[in-house]
Amino acid sequence: MRRWSYWGAVVIAGLLIGGAGATGILHIAGVDTPAKQNLQPEALAAGLNNGSIPKSGTVKAAFPAEPGNVSKPKQETTASPTPVPTPAPPKSFFDDSQVVSYYGHPLAAAMGVLGEGAQEQMLSRLRSQVAAYQAVNPDKKVVPALHLIYEVAQALTSEDGLYLYRTEDATVQQYINVTRDNNMLLFLDLQIGRSTLQNELQYVMPYLKYPWVHLAIDPEFVTPPGMRPGQEIGTLDSNDINFALDKVEHLVEQERL
């Protein structure tokens, strides 16, 4: 009879302990057991994910709720980063365009069309030429242009010894205005003579600030010391060309052309 009393006491004690744990008022060995209805799975998951540790020495243990009592934790989704568009590769102007240009200098009819007749007549001829090219080449846009010899190599030299004539600013500005008003390109040609490309670029760079004005380099009339232009065909080193390309590229970036 005493044995049954003993086991009855144990069972009753177990029920009391279990009931106390279920109501959240049981404290055993520093463990605080919260009530089931107070569980916050999202907050717990966040604490585990960020590695946070309670400042006090008390560890709060959370036990899972009964199925159906609490909604399942929401799964955190990481938004996909917005794709960065890949810039288009550099494209040559000549991929889809063709340039038809009249060449020369207004002071010398023997040097090309720009010196032949009145300017309006020359422009009319150029427009007709452009239309003829466009008719047989419909896949590309045909663009008219004027090619002005800005620096003309000379048979005789002045005191500087460079065998070179530089076109006056007023004439160059006139061609800049004409090409602008007629939706044309303008190329300014350097024949260089006994000078150097590095030295002559300084004279033409201010004109290249206009988006429709471009640089042309003519190695044929680069003249070595002791000779005159035209006695033999001149040449330029690739380092000279690269120097000019770097200068123009810097201007394009600086002026946002």
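Analyst: Buried means under 20% relative accessible area, exposed means over 50%, and partly exposed covers what lies in between. The model under discussion is a predicted one.

User: Is Tyr210 buried, partly exposed or exposed?

Analyst: The relative accessibility of Tyr210 is 29%. Buried requires a value under 20% and exposed a value over 50%. Tyr210 therefore counts as partly exposed.

User: How many aromatic pairs are there?

Analyst: Rings of Phe, Tyr and Trp pair if their centres lie within 6.5 Å. By this rule, the number of aromatic pairs is three.

User: What is the geometry of the pair formed by Tyr150 and Tyr207?

Analyst: The ring centres of Tyr150 and Tyr207 are 5.7 Å apart, and the angle between the planes is 70°. Planes over 60 degrees apart count as edge-to-face. The pair of Tyr150 and Tyr207 is accordingly classed as edge-to-face.

User: How many residues apart in sequence are the parts that Tyr150 and Tyr207 tie together?

Analyst: Tyr150 belongs to strand S5 (residues 141-153), while Tyr207 is in the loop between helix H5 (197-204) and strand S8 (213-217). Both tyrosines, Tyr150 and Tyr207, are buried. Given these locations, the pair ties together parts whose separation in sequence is 57 residues.

User: Which class does the pair of Tyr210 and Trp212 fall into?

Analyst: The ring centres of Tyr210 and Trp212 are 5.4 Å apart, with the planes at 50°. Planes under 30 degrees apart count as stacked and those over 60 as edge-to-face, so the rest are tilted. The pair of Tyr210 and Trp212 is therefore tilted.

User: Which residue has a side chain that makes a polar contact with the side chain of His147?

Analyst: His147 is located in strand S5. With 15% relative accessibility, His147 counts as buried. Beyond its neighbours within four places in sequence, His147 is in contact with residues including Tyr102, Phe187 and Asp189. The side-chain polar contact, at 2.8 Å, is with Asp189.

User: What is the distance of the polar contact between the side chains of Ser195 and Glu200?

Analyst: Ser195 lies in the loop between strand S7 (185-190) and H5, and is buried, with a relative accessible area of 11%. Its side chain makes a polar contact with the side chain of Asn199 at 3.3 Å. For the side chains of Ser195 and Glu200, the polar contact is at 2.5 Å.

User: Which residue lies over the face of Tyr203?

Analyst: A charge sits over a ring if, among other conditions, CZ of Arg is within 6 Å of the ring centre. At 3.9 Å from the ring centre of Tyr203, the residue over its face is Arg166.

How values were computed
Residues numbered from 1 in each chain as written. Predicted model: local features only at pLDDT ≥ 70, side-chain atom pairs only at ≥ 80, totals over all residues. Heavy atoms only, no water. Phe/Tyr/Trp six-rings, centres within 6.5 Å; stacked < 30°, edge-to-face > 60°. Helix = DSSP H or I, 4+ residues; strand = E, 2+ residues; numbered from the N terminus. Buried < 20%, exposed > 50% of the residue type's maximum accessible area, 1.4 Å probe, protein only. Lys NZ or Arg CZ within 6 Å of the ring centre and 35° of its normal. Polar contact = N/O pair within 3.5 Å; in protein donor to acceptor, adjacent residues only side chain to side chain. Contact = heavy atoms within 4.5 Å.
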